[in-house]
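Open the structure in your viewer and keep the selection tool ready. Each stop below tells you what to select and what is there.

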Amino acid sequence: ASSSLAIDDVDNVEFDGKEFCLTGKFSFGNRNDCKSAIIKRGGIPISTVKKSMHYLVVGSLSSNDWKQSSHGRKIEKAIGLKDKGLPIKIIHEDLWVNFLS
């Protein structure tokens with residue numbers, strides 16, 4: 001299970017024109033499957049955390065030891081940008097999948 005740390009509770013996930021960065025491992029499928037799902041809905045998959053992004057999606061198969069792994073650094077960077085006032089949402093894969101339909 002992924003860590004519940006830093007996960008935002010959101011009522012909606014918008015795709016059209018929004019940038020999505022992925023981190024961790026996903027039960028939905030491999031990275032290409034996840035990226036295709038984003039593109040199909042008008043979203044933009046990106047590979048690194050940056051100021052312009054809207055969502056960081058944390059895979060449900062991510063480790064509880066996320067701080068020690070490369071995807072943990074993405075979470076930490078996203079938290080840092082949020083702390084500076086940027087409207088980045090860190091969401092769990094399960095929530096993301098709910099809004100794919």
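The tour goes from the whole chain to single residues.

**Before you start**

This is a predicted model: local features need pLDDT of at least 70, side-chain atom pairs count only at pLDDT 80 or more, and totals for chains, interfaces and linings use all residues. Residues are numbered from 1 along each chain as its sequence is written, and side-chain values use heavy atoms, with hydrogens and water left out.

**Stop 1: the whole chain**

Show the protein chain as a cartoon. There are 3 helices and 4 strands. Helices (H or I, at least four residues) and strands (E, at least two) are DSSP runs, numbered from the N terminus. Along the sequence, the pattern reads β-α-β-β-α-β-α.

Now switch to a surface. The protein chain exposes about 5700 Å², and carbon and sulfur atoms supply 47% of that area. Accessible areas come from the Shrake-Rupley method with a 1.4 Å probe; for residues, only the protein chains shown count as cover.

How much of the protein chain is made up of buried residues? Of the 101 residues, 44% are buried. Buried means under 20% relative accessible area, exposed over 50%, and partly exposed in between (1.4 Å probe, protein chains only).

Contacts come next; a contact means heavy atoms within 4.5 Å. Among contacts with a separation of 6 or more, 80% join residues 24 or more positions apart.

**Stop 2: helix 1**

Select residues 31-40, which form helix 1. Cys-34, Ala-37 and Ile-38 are buried there. Look down the axis of helix 1: its buried residues fall within an arc of 100 degrees, so they line one face of the helix. The arc is that of the directions from the helix axis to the C-beta atoms. An α-helix has 3.6 residues a turn, so residues three or four places apart point the same way.

What covers the buried residues of helix 1? The cover includes strand 1 (19-23), strand 2 (44-46) and helix 3. Turn to the face pointing away from the buried side: exposed Asn-32, Ile-39 and Lys-40 are there.

Check both ends. Asn-30 caps the N-terminal end of helix 1, with a side-chain oxygen 3.0 Å from the backbone nitrogen of Asn-32. Just after helix 1, Gly-42 takes a positive phi of about 90 degrees.

**Stop 3: Trp-96**

Select Trp-96, in helix 3 (residues 93-98). Is Trp-96 buried or exposed? Trp-96 is buried, with a relative accessible area of 0%. Leave aside neighbours within four places in sequence, and Trp-96 is in contact with Phe-15, Phe-20, Phe-28, Cys-34, Ala-37, Ile-38, Val-57 and Ile-91. Ile-38 is 58 residues away along the chain, yet its C-alpha atom is 9.9 Å from that of Trp-96.

**Stop 4: Lys-74**

Move to helix 2 (residues 70-83) and pick Lys-74. Lys-74 is buried but has no salt bridge. A salt bridge is a side-chain nitrogen of Lys or Arg within 4 Å of a carboxyl oxygen of Asp or Glu. The nearest side chain of opposite charge, Glu-19, is 12 Å away. Lys and Arg count as positive, Asp and Glu as negative; His and the chain ends are not counted.

What lies 3.3 Å from a polar atom of the Lys-74 side chain? The backbone oxygen of Ser-47 does. Beyond four places in sequence, residues touching Lys-74 include Arg-31, Val-49 and Leu-56.

**Stop 5: the salt bridges**

By the rule above, there are 2 salt bridges. Select Asp-8 and Lys-82: their closest N and O atoms are 2.6 Å apart. Asp-8 lies in the segment before strand 1 and Lys-82 in helix 2, so the pair ties together parts 74 residues apart in sequence. Asp-8 is buried at 17% relative accessible area, while Lys-82 is partly exposed at 25%.

Next select Lys-18 and Glu-14, where the closest N and O atoms are 4.0 Å apart. Lys-18 is partly exposed at 22%, and Glu-14 is partly exposed at 43%.

**Stop 6: Ser-27**

Finish in the loop between strand 1 and helix 1, at Ser-27. Outside four places in sequence, Ser-27 touches Ser-60, Leu-61 and Glu-93.

Note on methods
A polar contact is a pair of N or O atoms within 3.5 Å; within protein, one must be able to donate a hydrogen and the other to accept it, and residues adjacent in sequence count only if both atoms are side-chain atoms.
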